[in-house]
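My notes follow the order in which I checked them.

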Amino acid sequence: MKESWKQLQDWIKEAKQMVFFGGAGVSTESGIPDFRGEAGIYQTISEFGVRPEEILSHSFFLRDPETFYAYYKKYMLFPDAKPNAAHLALARLEQEGKLTAVITQNIDGLHQKAGSQRVYELHGSVRKNHCLRCGKQYPLAYIQKAEGVPRCSCGGMVRPDIVLYEEGLDEKVLYGAVAQLQKADLLLVGGTSLNVYPAAGLLQYFGGKHLVLINRDETPMDGQADLVLHDKIGEVLGAVVGV
Ligand code: NAD
Ligand code: ZN
């Protein structure tokens, strides 16, 4: 095992209140592309005429729900994706009483599928949906089955409980995540470009001992971390935790 991976393993052994903060890169090894992947910016512009950030905005959703759902169903829903070694390792660490929380920017629900219980989904989840008119809730299967824009039995439009661009984060989730970061002794950040705010700004609340970054590409926080691994997160956590 690489020296840097051993260092991480030692710090995890020492830790009592570890927190994980992650993003799209945590799920690429499960076959869900991040924004640089095949659903990336250029692909989306050539196919839909706009950038993903625009399609995934609140105003676009209201203006053109048909195009929103065409993109969303094609590029945001991966019902058959399975948790990878990173998700499984984090679930194991929680079970062992070492990890107190997973804070994620992902909306795919894979941490829960892996068995994690305490998950702060900063950007919501595709698993939950509700009617804009009456509030009735719908599972993911309902969205997938619907042709075009999913409608409620009351006739209202159904939307996913995900945070769109131009929308604020859920305060309960946000404050819960901040409280976890403030208590943490080891913060593991992985699979995120740390470019999406306010999520990335949450890292400032960590005041614990060690900050470790695991990300394929460089991030704006590399200089502030105690340890930086430019490796695949599933491979690292799979080996270090032993799942
Ligand atoms: P991002 O796409 O901006 O960055 C992903 C980062 O992960 C990149 O820096 C890349 O180098 C790294 N990466 C990719 N595969 C990796 C691997 N196997 N191991 C280690 N690092 C890897 O993602 P972001 O920072 O999460 O921000 C994008 C936004 O889009 C977020 O809001 C996110 O919720 C959303 N998004 C979610 C999903 C999902 O739910 N799975 C997928 C795409 C985008
Ligand atoms: Zn309704």
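Predicted model: local features only at pLDDT ≥ 70, side-chain atom pairs only at ≥ 80, totals over all residues.

**Helix α1.** I first looked up the extent of α1, which runs over residues 3-14 and so comprises 12 residues. From first C-alpha to last I noted a reach of 17 Å, close to the 16 Å expected at 1.5 Å a residue.

I then asked which residues of α1 are buried. They are Trp 5, Leu 8, Trp 11 and Ile 12. These four lie on the same side of α1, because they cover an arc of only 120° around the axis. On the face turned away from that buried side I found the exposed residues Glu 3 and Lys 13.

Next I looked up what covers the buried residues of α1. The cover includes the strands β1 (18-22), β7 (186-190), β8 (210-214) and β9 (227-229), together with the helices α6 (85-95) and α10 (233-242).

**Loop between β7 and β8.** I located Leu 194 in this loop. Its phi is near 55°, a positive value in a residue other than glycine. Leu 194 is buried, and I recorded a relative accessible area of 3%. Pro 198 has its place in the loop between β7 and β8 as well. A cis peptide bond joins Tyr 197 and Pro 198, with omega about 5°. I noted these features because most residues other than glycine have a negative phi, and most peptide bonds are trans.

**Loop between β6 and α9.** I found Glu 166 between β6 (158-162) and α9 (171-183). Phi of Glu 166 is positive, near 85°. Is Glu 166 buried or exposed? I recorded Glu 166 as exposed, at a relative accessible area of 58%.

Terms used: Residues numbered from 1 in each chain as written. Chains lettered and ligands numbered in written order. Heavy atoms only, no water. Helix = DSSP H or I, 4+ residues; strand = E, 2+ residues; numbered from the N terminus. Expected span 1.5 Å × (residues − 1). Buried < 20%, exposed > 50% of the residue type's maximum accessible area, 1.4 Å probe, protein only. Arc of directions from axis to C-beta. Contact = heavy atoms within 4.5 Å.
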